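My notes follow in the order of looking.

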Amino acid sequence: MNRRSFLTHTSAWAAAAALPKLSFASNALSPEPAPTAAAGQVTFPKDFLWGSATASYQVEGAWNIDGRGPSVWDTFSHALGNVKGAWTGDIACDEYHRFPEDIAIMKKMNLRSYRYSIAWPRIQPTGTGAVNQKGIDYYKRLTDAVLAAGMRPLVTLYHWDLPQPLEDKGGWPNRDTAARFADYTEIVLKALGDRIQTWAIFNEPWVFTYLGYADGRHAPGKKEFDLFLKASHTVNLAQGDAFRAIKAIAPKSKVGSAFSMSPATPLTSSPEDAAAAKRFDAFNNVWFLETALRGHYPEAFVNGVPLATMGFQSGDDKRMTAPLDYIGVNYYFRRIVAAPSTPIPTKPSYAAMGFDLSDGKDGPLTEIGWEVYPRGMYDIVQRVSKDYKLPIEITENGCSYGDYPDASGRVADVRRIHYYREHLRELARAIQDGADVRGYHAWSILDNFEWSEGYTQRFGLVFVDFPTQRRYMKDSGKWYARVAATNAIEATAATT
């Protein structure tokens, strides 16, 4: 760690250490005894997989040890002004050293699936060439512990931590990155394909391409729409390349990706707002799914998809096609969509897609400012199920509330329990209406590094006291443990 990042890092932790000191009960991680499903409860399908999710950069820490190279998020977070509080993922939840403890927590919670990701720079420090065996060995130990706890590993190959040397060569807008990603995928499959049978190629490709290259809020912090277009096309090529690489090595593997999805509610009943909502859905929800399953880009732009700007070449339609085995859905909030209030430009840009966006305000807001809208879970699952007719995994769903432990170590996060209960009721209704949903992963098992929000947002079922790294199960974690044990939730809303 260089001097600047060390000073930034230690001063940030010092600020956290200045929080009120709490005396925690030693049994704070013990879930309550699990009851059996009873009358008045909605049950889920037999063998439904209850799980939780994390991501490498958000939890692992150990950013510069055992041969790991720098990622774009190391660079981005170490630059002052990019992340609230000048926080970084240098330590995060120290999962690199503490994973046995956290897997034991998941086992106590009766979970049967753990979705985690592999850090590309831990496998290939420069994104190309030599393999870092210590990185391979770490993920072998982690995966073996997951399997020993009776959980299925659902492993994401890329959750936003691109090796910095590849970004220096152009990053995702550079077509060559797709080939480098295929090489990395092949390395991982040869090392771990005997242990892992379910893979997610990408996590939220729309988010890391748009927020990273057009919007600038995420690493690498670029703000050029043309770079986003090029990056999104490279990622679509990489998705197809990686799918084939996985199937060539482990043909029985189940392969998908985890897509961020937000149902679109037209602002009014006008045909113009309805058309705008369809364009938003094409851009936000299926820009990386329609390409994989049908080999073409959806019509998100009023003036046609700008293939030339994206760098589309002959044969790319076949290369980006990937007949996924399942669709991962990350659902957090909906969007209100209206026809544009200004003239639509012809040059490719966000405005050229012809919609205006606003956030929903009918439900309460979580502490990150997202509307609580459980009905959106039903809407997006039904949309994906009917249009693509593939099995679905809810790969992320969760909420941020900053509830802290009391003097006994209890975290009474009533709002989070309500959030999960209502979203799961809507998921059960979608399943009852025909959606083939195989599993649900709460985001997240742990409070963690929330990207540009730093440590200001707490999404975990388990409270992490970052200065001490001690874990305390929240009431929501105890509630979720009962859900996983009984495979059921309350049939009607209730107070907690």
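Entry 1. I am working from a predicted model. I started with the contact between H9 and H10. On the H9 side I listed Pro 205, Phe 208, Thr 209, Tyr 210, Tyr 213 and Ala 214; on the H10 side they meet Phe 225, Leu 227, Phe 228, Ala 231, Ser 232 and Val 235. I sorted the residues of this contact by type and got 10 nonpolar, two polar and no charged.

Entry 2. Next I looked up the geometry of the pair. H9 covers residues 205-215 and H10 covers residues 225-249; their axes come within 8 Å and cross at roughly 150°. Because angles over 145 degrees count as roughly antiparallel, I put H9 down as roughly antiparallel to H10. The crossing of H9 past H10 is right-handed.

Entry 3. I then asked how many residues of H9 are buried. The count is 10 of the 11, so H9 is largely enclosed by the rest of the structure. The buried residues are Pro 205, Trp 206, Val 207, Phe 208, Thr 209, Tyr 210, Leu 211, Gly 212, Tyr 213 and Ala 214. I checked what covers them: the cover includes H10, the helices H7 (164-168) and H11 (271-285), and the strands E4 (152-158), E5 (198-203) and E6 (254-261).

Entry 4. I followed the chain out of H9. Gly 216, just after the helix, takes a positive phi of about 85°. Further on, I found a cis peptide bond joining Ala 219 and Pro 220, with omega about 10°. Pro 220 sits in the loop between H9 and H10.

Entry 5. The bond from Trp 443 to Ser 444 is cis, with omega near 5°. Ser 444 belongs to the loop between strand E12 (437-443) and strand E13 (462-465).

Entry 6. Most residues other than glycine have a negative phi. Ala 92 is not a glycine, yet its phi is positive at about 50°. I placed Ala 92 in the loop between helix H3 (72-78) and helix H4 (95-108). Asn 110, also not a glycine, has a positive phi of about 70°, and it is found in the loop between H4 and strand E3 (113-117).

Entry 7. Are these two residues buried or exposed? Ala 92 is buried, with a relative accessible area of 0%. Asn 110 is partly exposed, at 30%.

Notes: Residues numbered from 1 in each chain as written. Predicted model: local features only at pLDDT ≥ 70, side-chain atom pairs only at ≥ 80, totals over all residues. Heavy atoms only, no water. Axes fitted to C-alpha atoms, helices over the stretch in contact; angles between N-to-C directions. Helix = DSSP H or I, 4+ residues; strand = E, 2+ residues; numbered from the N terminus. Parallel < 35°, antiparallel > 145°, perpendicular 65-115°, else oblique. Left-handed = near helix turned anticlockwise from the far one by under 90°. Contact = heavy atoms within 4.5 Å. Nonpolar A, V, L, I, M, F, W, Y, C, P; charged D, E, K, R; others polar. Buried < 20%, exposed > 50% of the residue type's maximum accessible area, 1.4 Å probe, protein only.
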